[in-house]
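Please look through the structure shown below, and then read the report that follows it, which goes from one part of the model to the next.

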Amino acid sequence: MGIVVTGVSGRMGRMLVETIAASEQTQLVGAIERAGHEWIGRDLGDAMGGAATGVSVTDDMAAALEGADVVIDFTAPVATLKVAEAAALTGVAHVIGTTGMTAEEIARLSGPAERTAIVRAGNMSLGVNLLVQLTKRVAAALDDDYDIEVIEAHHNQKIDAPSGTALMLGEAAAEGRGVALDAVADRVRDGITGARRRGHIGFSAIRGGDIIGEHDVMFAAAGERIVLRHLASDRSVFARGAIKAALWTAGKPPGQYDMLDVLGLSGQ
């Protein structure tokens, strides 16, 4: 499968390039960076400090996508929307790992999804997506006597909070309880906040060092706590999940999908 990677100079971009090269099922056929980036025009392997790959870094999205099967995109919301439009025009499937997208930005993916397959997830880790399912089931089994808190930790360069994964987990908990997350989310606490409101779902964000990604969902009641946890110790777990999603798109009709579809867990 021919794959294009956007934002190839970033941490996830580099990891995706390495993971694609290590797979017998995938081949890197395009590398995209923003206009004016110092890597533009250079061989990607050379730019990364290794052997030449024969793939030049470009800011010409249409040229990079020509002949590709899938584009994998871990960039920023504005850039992701541009990639979505370009992928739709060329019929290239789009795997999106970008976080921090607003509801309005996500809604704008509906147009491109009418023309190509889009897989979007706040976290591409297979383990995290299993955690999402567990969170929904536990939330459905426990009543409002159990307070729900989503606690996440990431490196000090992460620009959005709560993380996309934390919001996925919050959505799963809210779905399990049969409520809308927006109606029960406590995303900021500062000052004299008063007692916690019954039935609300809280979020706590930690930023520091080089933490790759840690997520806990805590169900706390009088006398006991249940904690569901996922720890990522290597960024490659996200890249492997993205590659799995890319391979899954082969032959899929246009539409919006997520990692639960990829794992065959949708609707469970």
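## Helix 6 and what covers it

The buried residues of helix 6 are covered by elements that include strand 7 (147-154), helix 7 (164-177), strand 10 (213-221), strand 11 (224-232) and helix 10 (259-262). Those buried residues are V128, N129, L131, V132, Q133, T135, K136, V138 and A139, where buried means under 20% relative accessible area, exposed over 50% and partly exposed in between, with a 1.4 Å probe and protein chains only. Helices (H or I, at least four residues) and strands (E, at least two) are DSSP runs, numbered from the N terminus, and covering rests on contact, that is, heavy atoms within 4.5 Å.

This is a predicted model, in which local features need pLDDT of at least 70 and side-chain atom pairs count only at pLDDT 80 or more, while totals for chains, interfaces and linings use all residues. Residues are numbered from 1 along each chain as its sequence is written, and side-chain values use heavy atoms, with hydrogens and water left out.

The 16 residues of helix 6 (residues 126-141) should span 22 Å at 1.5 Å a residue, and this agrees with the 23 Å between its end C-alpha atoms; the expected span is 1.5 Å times one less than the number of residues.

## E152 in strand 7

E152 lies in strand 7, and because its relative accessibility is 1%, E152 counts as buried. Leaving aside neighbours within four places in sequence, E152 is in contact with residues that include A161, P162, S163, A166 and R207.

Two of these partners also involve polar atoms: the side chain of E152 makes a polar contact with the side chain of R207 at 2.7 Å, and a polar atom of the E152 side chain lies 2.9 Å from the backbone nitrogen of S163. A polar contact is a pair of N or O atoms within 3.5 Å; within protein, one must be able to donate a hydrogen and the other to accept it, and residues adjacent in sequence count only if both atoms are side-chain atoms. P162 lies in the loop between strand 7 and helix 7, and a cis peptide bond with an omega of about -10 degrees joins A161 and P162.

## The nonpolar cores

The largest nonpolar core has 36 residues, and V8, L16, L44, I72, V95 and V119 are those with the most contacts inside it. Its largest share, seven residues, comes from helix 9 (residues 236-248), and a second, separate core of 22 residues includes V138, I148, M168 and A173. Such a core is a set of buried Ala, Val, Leu, Ile, Met, Phe, Trp, Tyr and Cys residues joined through side-chain atoms within 4.5 Å.

## Helix 4

Helix 4 has 14 residues and reaches 20 Å from its first C-alpha to its last, close to the 20 Å expected at 1.5 Å a residue. Its buried residues are P77, T80, L81, V83, A84, A86, A87 and A88, and what covers them includes strand 1 (2-6), helix 3 (61-65), strand 4 (70-73), strand 5 (93-96) and helix 5 (103-107). Just after helix 4, G91 takes a positive phi of about 75 degrees.
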